[in-house]
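Me: I would like to learn how to read a protein structure. Could we go through one together?

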Amino acid sequence: MSIVWLSKVKWETLWSALHNIVIRQNFTVKTPSAGISGSGTGARLHIDLPANDTGGTYDGPFAVTLKENKLNVSAGWLNCNGTFNEMAAVEKIEPKTGYLCLHTDLDEKGEWITPEFKITAPAADAFPVAEIKVDEKTKAVLIRQFPVTVAVIMLTKQCPLAEVSRHG
């Protein structure tokens, strides 16, 4: 290992130069690029990297992928008020900006409605599995996966008989 000695002035110049390096990740960037702006001590080196270059891919329950510009979701488990249900994989969901949630609800009889994936706000009846962003100009789709072991939805509804007796 070699040591390089720098004078205080040169060290401050080097330190200033290092602080003028800007690295950002952007989902509209397809390939890494670099550019220089400004001049002299105000010069900045800009490095742009693709945001989806994470080095690894989530492949667990409810993994969201993009194929032919449609969202696909892998199989997983849904726990509805303590009852486990296996959810099959779903394909060809139209991507929109928002949260991709597993949604279900109780009907008037207290039975569970068939669960479905849809872009909506997370709520008691909508468990988020990913955030989706669609660039308006390029139509590029960014998926921010939320690793999920089991989606859990716990709901209660007013009993229809209690309603009748209360108002009756």
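**Reading aromatic pairs and their surroundings**

Reply: Let us start with Trp-77, which is partly exposed, with a relative accessible area of 40%. Buried means under 20% relative accessible area, exposed over 50%, and partly exposed in between (1.4 Å probe, protein chains only). This is a predicted model, where local features need pLDDT of at least 70, side-chain atom pairs count only at pLDDT 80 or more, and totals for chains, interfaces and linings use all residues. Residues are numbered from 1 along each chain as its sequence is written, and side-chain values use heavy atoms, leaving out hydrogens and water.

Me: How many aromatic pairs does a search of the whole structure find?

Reply: A pair of aromatic rings is described by the distance of the centres and the angle of the planes. Rings of Phe, Tyr and Trp (its six-membered ring) pair if their centres lie within 6.5 Å; planes under 30 degrees apart count as stacked, over 60 as edge-to-face and the rest as tilted. Here, the search finds three such pairs. One of them joins Trp-77 and Phe-84 edge-to-face, at 6.4 Å centre to centre with 75° between the planes. Phe-84 is partly exposed too, with a relative accessible area of 49%.

Me: What kind of pair do Tyr-99 and Phe-146 form?

Reply: Tyr-99 and Phe-146 are stacked, with 6.3 Å centre to centre and 25° between the planes. Tyr-99 lies in strand β9 (residues 98-103) and Phe-146 in the loop between β12 (141-145) and β13 (151-153), so the pair ties together parts that are 47 residues apart in sequence. Helices (H or I, at least four residues) and strands (E, at least two) are DSSP runs, numbered from the N terminus. Tyr-99 itself is partly exposed, at 29% relative accessibility.

Me: Which residues does Pro-122 touch, not counting residues up to four places away in sequence?

Reply: A contact means heavy atoms within 4.5 Å. With that sequence limit, Pro-122 touches Tyr-99, Cys-101 and Pro-128. Pro-122 sits in the loop between β10 (116-119) and β11 (126-134), and counts as partly exposed at 41% relative accessibility. C-alpha to C-alpha, Pro-122 and Leu-100 are 8.5 Å apart in space, though 22 residues apart in sequence.

Me: Which element of the protein has the highest mean pLDDT, and which the lowest?

Reply: pLDDT is the predictor's confidence in each residue, from 0 to 100. Among the elements, β9 has the highest mean (96), and helix α2 (residues 160-167) the lowest (60). For the protein, the mean is 82, and 81% of its residues reach 70 or more.
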